[in-house]
Amino acid sequence: MSSLLVAAPLRVEAALISSAAGGARVRKTGMGPDRAKAAAGALAGHAGSAMLVLGFCGGLDAASIPGEVIVAEEVYAAADEGHDEQRVQCDLASQLVERLTGRGMKVRLGSVVCVSKLALGERRAELHAGGAIAVDMESVWLARGAGERPFGVVRVVLDSPEHELLRPQAAVGAIRAAWALRRVAGALQDLVPGE
């Protein structure tokens, strides 16, 4: 991961990634669109041959389970929240899927929609109807920090329609998601974009 600049929105995500990928350039960016937009400018000035957003997400369909790895083909802002309409293609997607497949984790490729606040209950169904398989609160806005560098997004499902955060079983899902995030970070440790 030494040639990658890794943007991790939350402190816990940054800690898990750093502990599994020693020497990685991991930058904690903060949660939500405003912090992501502010962090993007700083990320543009950091070294790295490619930029990767890595962290947790919410799953949007019934097949989604905590610990599942989502590799984004594209990220986009939810159209119904008043954000600028923007879709960002993730040019590292196929390389990331290839690297992560066959390592004992469920890996899915698809679109990630970005929102302003946690998506729970019916909101998940609305977002899934728009074509996304996962939701986060930062990736599309952090993409600007990649500049001309290759860009990728890997998110690990923390909760899903059948495993919402506010349910008693959420602790088991959170442990599974944390384990998977460390596995992903370890698998990407020596990734060289383009190889």
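Author: Glutamate 126 is partly exposed, with a relative accessible area of 46%, where buried means under 20% relative accessible area, exposed over 50% and partly exposed in between, using a 1.4 Å probe and protein chains only. Before going further, please keep in mind that this is a predicted model, in which local features need pLDDT of at least 70 and side-chain atom pairs count only at pLDDT 80 or more, while totals for chains, interfaces and linings use all residues. Residues are numbered from 1 along each chain as its sequence is written, and side-chain values use heavy atoms, with hydrogens and water left out.

Reader: Ok, and which side chain does glutamate 126 meet in a salt bridge?

Author: The partner is arginine 123, at 3.1 Å from N to O, a salt bridge being a side-chain nitrogen of Lys or Arg within 4 Å of a carboxyl oxygen of Asp or Glu. The two residues are 3 apart in helix H4 (residues 122–129), so about one helical turn separates glutamate 126 from arginine 123; helices here are DSSP runs of H or I with at least four residues, strands are runs of E with at least two, and both are numbered from the N terminus.

Reader: Is arginine 123 buried or exposed?

Author: Arginine 123 is buried, with a relative accessible area of 17%.

Reader: How many salt bridges does the structure hold?

Author: The structure holds 10 salt bridges. One of them joins the side chains of aspartate 61 and arginine 108, at 2.6 Å from N to O. Aspartate 61 lies in the loop between strand S3 (50–59) and strand S4 (69–77), whereas arginine 108 is in strand S6 (residues 107–114), so this pair ties together parts that are 47 residues apart in sequence.

Reader: And how accessible is aspartate 61? What about arginine 108?

Author: Aspartate 61 counts as buried at 12% relative accessibility, and arginine 108 counts as buried at 19%.

Reader: What does arginine 155 pair with?

Author: Arginine 155 meets glutamate 138 in a salt bridge of 2.9 Å, N to O. Since arginine 155 lies in strand S8 (residues 151–159) and glutamate 138 in the loop between S7 and helix H5 (139–142), the pair ties together parts that are 17 residues apart in sequence. Both arginine 155 and glutamate 138 are buried. Elsewhere, salt bridges that share partners join Asp61, Glu68, Lys106 and Arg108 into one network.

Reader: Where is alanine 134, and what does it touch?

Author: Alanine 134 is in strand S7 (residues 132–136) and is buried, with a relative accessible area of 0%. Not counting residues up to four places away in sequence, alanine 134 touches Cys57, Gly58, Leu60, Ile70, Ser111, Val112 and Val113, contact meaning heavy atoms within 4.5 Å. Alanine 134 and leucine 60 are 74 residues apart in sequence and 5.2 Å apart in space, C-alpha to C-alpha.
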